[in-house]
Amino acid sequence: MDIVLFITQLLVVLGCIVMGTRSSGVGLGLWGGAGVAILVFVFGIAPGSPPVDALLIVLSVVLASSMMQSAGGIDWMVSIAAKLIARSPKQITIIAPLVSFLFAAGAGTSNILYPLLPVIQDLSYRNGVRPSRPLSLSVVATGVALACSPVSAAMAAMVTLTDTAPWNFELVDILKVTIPAAIVGIIISGIFVNKLGKDIADDPEIQARIADGTIPAPSANAAEVRAEVTVTAAGRNAAIIFLLGVGAIVAFGLFKGMRPLDASGDPVAMTPIIEIVMFVVGTLILLISRPKVSEIPTMTVFKAGMVSAIALFGLAWLTDTFLGAHATLIAEGVGGLVSAAPWIFALGIFLVCVLTTSQSTATRTIVPIGLAAGIPLGLLSGMWAGAFAGIYLLPTNGSQIAAANFDHSGSTKLGTKLVDHSFFLPTLILAVTTIAAGALFGVLWGG
């Protein structure tokens with residue numbers, strides 16, 4: 001009877017996730033909340049705990065990030081990224097994804113990639129490199145970058161789960177596994193992705209476009225490519241303040257002695273530290289760069305962040321309610337399976353990312369199962385990071401659509417059969433290489 005009840009309630013949870021995925025956006029949060037209502041009022045389960053700490057981190061980071069964007073900080077970061085990519089155009093399939101990863105991790109959002117896409121496309125094509133290679137891997141790299149960012153919504157969810165007793169696995173413990181794993185994964189993936197698709201000279205579709213004058217022939221001698229953004233001193237200052245804030249968060253994580261003490265005499269936990277630092281960052285940007293506060297709610301970072309917060313609220317509350325009611329059964333059953341084959345945990349994160357296109361939702365849904373199963377925290381963190389690539393397995397994300405639209409050569413395709421698009425193989429390759437590297441680093445020094 002318990003098993004039947006468990007399966008019935010699990011179907012409710014999965015059904016709400018599927019319906020939320022079909023609705024997308026805030027629909028994810030709404031269906032999560034509806035699922036909580038069904039579990040509480042129909043099955044009599046006590047409601048779980050809403051992810052308050054994670055939500056507050058997301059809100060504080062989104063506010064600071066939006067202040068930076070309004071002041072022109074993201075434009076300044078994009079201009080720097082474009083210059084870095086332009087230095088080694090022949091190695092663009094590795095350099096562009098690494099730069100995209102670095103800036104997405106620093107900004108805590110993959111939205112920074114959008115203005116970089118035409119730069120990557122133009123530089124690769126001019127230098128005879130098939131644009132789909134760097135474009136596709138750059139898009140996917142921003143997915144794993146959020147597992148390496150101290151200020152992403154996914155990291156907020158992860159820290160609030162692991163930075164508590166009995167685990168006490170803090171932000172820095174996670175980053176020292178996820179960052180090297182992602183870098184190794186991107187470099188290895190770049191080598192493989194650089195072989196995908198025909199070279200420009202051998203691609204009949206591209207050659208036909210060149211022949212009929214639709215696109216020019218590749219020419220590395222063309223005028224220097226520049227990011228199509230306006231760079232200002234206010235934007236530069238805002239970006240520097242934000243990045244210094246990110247550095248401060250990492251420093252507080254590395255050196256507990258820097259933190260003030262709480263009422264019990266212990267260093268203040270990282271959750272409030274992140275929130276405090278981000279509020280200070282936002283205030284400094286307001287004072288120094290003077291963005292228009294009235295514009296903040298219109299910023300793309302703010303809109304995307306609010307949608308993520310709502311989705312996180314509903315779905316995380318739903319899964320916490322379900323997991324709390326069946327903690328023993330999950331720990332003994334599913335947990336035992338995950339303990340015997342930890343790769344199943346990575347597969348779970350990957351599949352939830354595919355279904356919800358939300359790394360924070362995947363974190364709140366699957367990580368508690370991994371913790372209950374007793375997976376070592378270092379190993380768990382490494383696999384968690386690599387599985388984030390899953391959000392790009394299907395060609396449904398804005399950055400994938402934008403990359404295909406910016407690629408005038410036509411080499412970057414969205415496909416028609418869900419698995420025949422340009423991002424499918426890069427997603428699988430980066431997921432496998434990063435998970436493998438993460439598992440290795442997690443076992444070696446992750447704890």
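Modeller: Happy to! Ile-274 counts as buried because its relative accessibility is 1%; buried means under 20% relative accessible area, exposed over 50% and partly exposed in between, using a 1.4 Å probe and protein chains only. Please keep in mind that this is a predicted model, in which local features need pLDDT of at least 70 and side-chain atom pairs count only at pLDDT 80 or more, while totals for chains, interfaces and linings use all residues. Residues are numbered from 1 along each chain as its sequence is written, and side-chain values use heavy atoms, leaving out hydrogens and water.

Ile-274 sits in helix α12, residues 270-288. Helices here are DSSP runs of H or I with at least four residues, strands are runs of E with at least two, and both are numbered from the N terminus. Setting aside neighbours within four places in sequence, Ile-274 is in contact with Ile-57, Ser-60, Val-61, Pro-150 and Ile-249, where contact means heavy atoms within 4.5 Å. Between Ile-274 and Phe-252 there are 9.1 Å in space, C-alpha to C-alpha, and the two are 22 residues apart in sequence.

Now to Thr-363, which belongs to helix α17, residues 359-373. Is Thr-363 buried or exposed? Thr-363 is buried because its relative accessibility is 0%. Its side chain reaches the backbone oxygen of Gln-359 at 2.8 Å, and a polar contact of 2.9 Å links it to the side chain of Trp-384. A polar contact is a pair of N or O atoms within 3.5 Å; within protein, one must be able to donate a hydrogen and the other to accept it, and residues adjacent in sequence count only if both atoms are side-chain atoms. Beyond four places in sequence, the contacts of Thr-363 include Ala-154, Met-158, Leu-161 and Phe-388.

Axes are lines fitted to C-alpha atoms, for helices over the stretch in contact, with angles from 0 to 180 degrees between N-to-C directions; under 35 degrees counts as roughly parallel, over 145 as roughly antiparallel, 65 to 115 as roughly perpendicular and the rest as oblique. From α17, the contact uses Thr-363, Val-367, Gly-370 and Leu-371, and from α18 it uses Leu-377, Leu-380 and Trp-384. By class, this contact of α17 with α18 has five nonpolar, two polar and no charged residues; Ala, Val, Leu, Ile, Met, Phe, Trp, Tyr, Cys and Pro count as nonpolar, Asp, Glu, Lys and Arg as charged, and the others, Gly among them, as polar.

Helix α18 also meets helix α16, residues 343-356, with axes that come within 8 Å and cross at roughly 30°. That makes α16 roughly parallel to α18. On the α16 side are Trp-343, Phe-345, Ala-346, Ile-349, Phe-350 and Cys-353, which meet Leu-380, Met-383, Trp-384 and Ala-387 of α18. The contact of α16 with α18 has ten nonpolar, no polar and no charged residues.

Ser-189 counts as buried because its relative accessible area is 0%. Its side chain makes a polar contact of 3.0 Å with the side chain of Thr-433.
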